Amino acid sequence: MLRLTKKDISLLVVVIVLTMLAPFLLNPFPSDSGLAQFNAGYPDLMQKFVIFGIFAIGFNILFGLTGYLSFGHAAFLGVGSYAAVWMYKLVSYNVLPAVVLAVIVAGLFSVLIGYVSLRRSGIYFSILTLAFAQMSFALAYSVLSNPSFNLTNGETGLQVYANDPQIFHGDHLPNFPHLFGLSMGSTYKMAAGAWEFQFNVAYYFCAIFMILAFYLSMRLVRSPFGLILRAVKTNQTRLNYTGLNTRPYTLAAFVISGMYAGLAGGLLAATDPLAGAERMQWTASGEVVLMTILGGVGTLIGPILGAGFIKYLENIFSKINDNVLHQWFSFMPDGIEDLMVMIIHPFVGKGWHLTLGLMFMLVVTFLPGGLVEGGQRIKTWWANRKSSDKAGKPASTPAE
Amino acid sequence: MGILEVQGVNKAFGGLKALSDVNLNVEENTIHAIIGPNGAGKSTLLNCFIGKLIPDTGSVVFNGTSLLGIKPHEINQLGVSRVFQTPEIFSDLSVFENVMIPCFAKRDGAFKLNALSRVLGQRDVREKAEQMLVDVNMADKRDMIASSLSRGDKRRLEMAMCLAQDPKLLLLDEPTAGMARADTNNTIDLLHEIKSKRDITMAIIEHDMHVVFSLAQKISVLAQGTVIVEDMPENIKGHPKVQEAYLGTPAEG
């Protein structure tokens, strides 16, 4: 029914189980224990996992398959958010039409940018996309925000005001994004002993979209279209001399990944009805590149892992401050404690990007295939160990 | 009436005149060899047939359609395929995937957005690709990654990819360059076999005279950018102009 191979179906099932049980899985430490700060099972962070997962899955369709490295994908995310908030302002707080509009607007926008940028490849393509994204940022930040024509509300960010039309908004509906009356902000809290698990509507709403997005990307990779996109990456010359017009293929890939970004942007606005220009900035575009590479370029699950990994570390590391560090090292003598805190201090809190940079260097150097390659290596190592155990061979290396 | 008619083609790169007034007529269903010393303009001429280069003046007509000013993929869709001197294959993909892509190009045209159907479900394409690999004796290497093939296998793979499109005209640029004698003979046999099985015209650039005289039904000799002789193989060997082009004039020698 799903038209997937057995292996792909099991991967899909794993993703579904992990996302559905995330409130449990990400909350392993009791709320009052010292390790509770490593918990990630709260709505805010879980929403980010799945939303940026969608963003990275879409980015991987372009970068992973065709090899075209876009440095401006955050523009589509930002456009999606703006479109969604405009839907709130004009129509209603219902998230479904907002998300649909976000995807459509991001799709149209990416046709425009893709059509121009894809006339070049390699570094020139990357620079063109970067330039477009920075132009979009400038437009959103200042140009399109003036008293006579205020599309983006500039620095403040676009948000819903009491005097907005909202023609389908009723008094019985929540004053927050909702799905036919079910507020995105509502969270069911389940206490179980020392643990507290939180089930948030917006999280599950976004998670369902991520599962759909993942399934679609799987179908795409296994399709003739996906095969030809992979061929674009390895030899475009041969494709042209094989009777295939590469331009529409790359443009289609670009637009599809732009729509994924738009979906992610729309969902960001579904969790919090606010859209700011900073979402379009080049750092945001760079972040999705890091996510995809960290997770594993061109793999199905890699982008999701990379997105989760970066968002988790971002949250955890930026929460750690000197007080927490002093607590950790309190068992040491005073002088050494201060020294340890001093050494680690630059890497946590506001300096967490330093940690991210180091981690990125390590992964790219030692695991070019990202976390997925790491997983595979562990699997092979484990399988080898097992098989050598079974055969009763000594675990030593063979003589050379 | 030839399948490929080249008339008065000129091509200059800056001050260097690579082709001057080339006339060539490739008859349908023949193997036509283009030979000539290094720098005679053979590869330049071939590039003019596939849209890689556009001649400055002159005409190139394939099967009644002018090839000038149309894109490489459009020329290919008309039925012209090329095997390159250095094999152009999809190195990161498996051998089988390499052959499936031209099958898709043949079936679906220059662009089709079939992003939701499965490669596994395309029985016609898969069967055709399997058959192509059998035809070039590579069925056992089906799942290898193309970059790990030997040079000879890469050439055979490229040949399979071109044949998968059932081209009317197959252009071969030195198909045996750098091959050992045994491999060269295998390639000759392979080309003969291909020729006997289907309606195909081949234009072949080659340095190895053994290959040329085993295959060609007609030979054009290119020297200093122009065709000096076009004749049957038996008349070529002893032709004074050909000897002059390859060995220089007797007086100079």
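Helices (DSSP runs of H or I, at least four residues) and strands (DSSP runs of E, at least two) are numbered from the N terminus, and a cavity is a set of points on a 1 Å grid over the protein atoms alone where a 1.4 Å probe fits but cannot get out. Keep both ideas at hand for this tour. This is a predicted model, where local features need pLDDT of at least 70 and side-chain atom pairs count only at pLDDT 80 or more, while totals for chains, interfaces and linings use all residues. Residues are numbered from 1 along each chain as its sequence is written, chains are lettered from A and ligands numbered from 1 in the order in which they are written, and side-chain values use heavy atoms, with hydrogens and water left out.

**Stop 1: a closed space in chain A**

Rolling a probe the size of a water molecule over the atoms shows where empty space is left. The structure holds four cavities of 30 Å³ or more. A volume here is the space filled by probe spheres set on the grid points, which are joined across faces, edges and corners.

Select A:Ile57, A:Asn60, A:Ile61, A:Leu65, A:Ser217, A:Val221, A:Gly298, A:Thr299 and A:Leu300, and you have the lining of the largest cavity; lining residues have an atom within 4 Å of a point. The volume inside is about 60 Å³. Which elements of chain A supply at least two residues each? They are H3 and helix H7 (201-221), and H3(A) gives the most, with four residues. Five of the lining residues are nonpolar, four are polar and none is charged. (Ala, Val, Leu, Ile, Met, Phe, Trp, Tyr, Cys and Pro count as nonpolar, Asp, Glu, Lys and Arg as charged, and the others, Gly among them, as polar.)

**Stop 2: the largest pocket**

A pocket, unlike a cavity, is an open set of points, with protein on both sides within 12 Å along at least five of seven lines. Now select A:Lys7, A:Asp8, A:Leu11, A:Arg222 and A:Leu300. Of the 32 residues that line the largest pocket, these lie closest to its centre, and the space in this pocket is about 1100 Å³.

H16(A) has the largest share, five residues. By class, the lining has 14 nonpolar, seven polar and eleven charged residues.

**Stop 3: the second largest pocket**

Here the volume is about 710 Å³. Of its 28 lining residues, select those closest to the centre: A:Lys48, A:Phe52, A:Glu287, A:Lys311 and A:Glu314. Which element gives the most to this lining? H3(A) does, with six residues. The classes here are twelve nonpolar, eight polar and eight charged.

**Stop 4: where the chains meet**

Show both chains. In all, 38 residues of chain B are in contact (heavy atoms within 4.5 Å) with 28 residues of chain A. Together the chains bury about 2800 Å², 65% of it on carbon and sulfur atoms; buried area is the accessible area (1.4 Å probe) that two parts lose on being put together, summed over both.

Side chains of opposite charge can pair when their charged atoms come close. A salt bridge is a side-chain nitrogen of Lys or Arg within 4 Å of a carboxyl oxygen of Asp or Glu, and two are found across this interface. Select B:Glu97 and A:Arg230 to see a salt bridge of 3.1 Å, N to O. Then try A:Arg238 and B:Glu158, whose closest N and O atoms are 2.5 Å apart. A:Arg238 lies in helix H9 (residues 236-240) of chain A and B:Glu158 in helix H5 (residues 151-163) of chain B, so the pair joins two chains.

**Stop 5: two domains of chain B**

Colour chain B by domain, with bounds from an automatic or database domain assignment: domain 1 (1-79 + 167-253) and domain 2 (90-166). Their centres, taken over C-alpha atoms, are 27 Å apart. The two domains bury about 1300 Å² between them, 58% of it on carbon and sulfur atoms. B:Pro167, B:Leu190 and B:Arg198 supply 37% of the area that domain 1 buries against domain 2, more than any other three residues.
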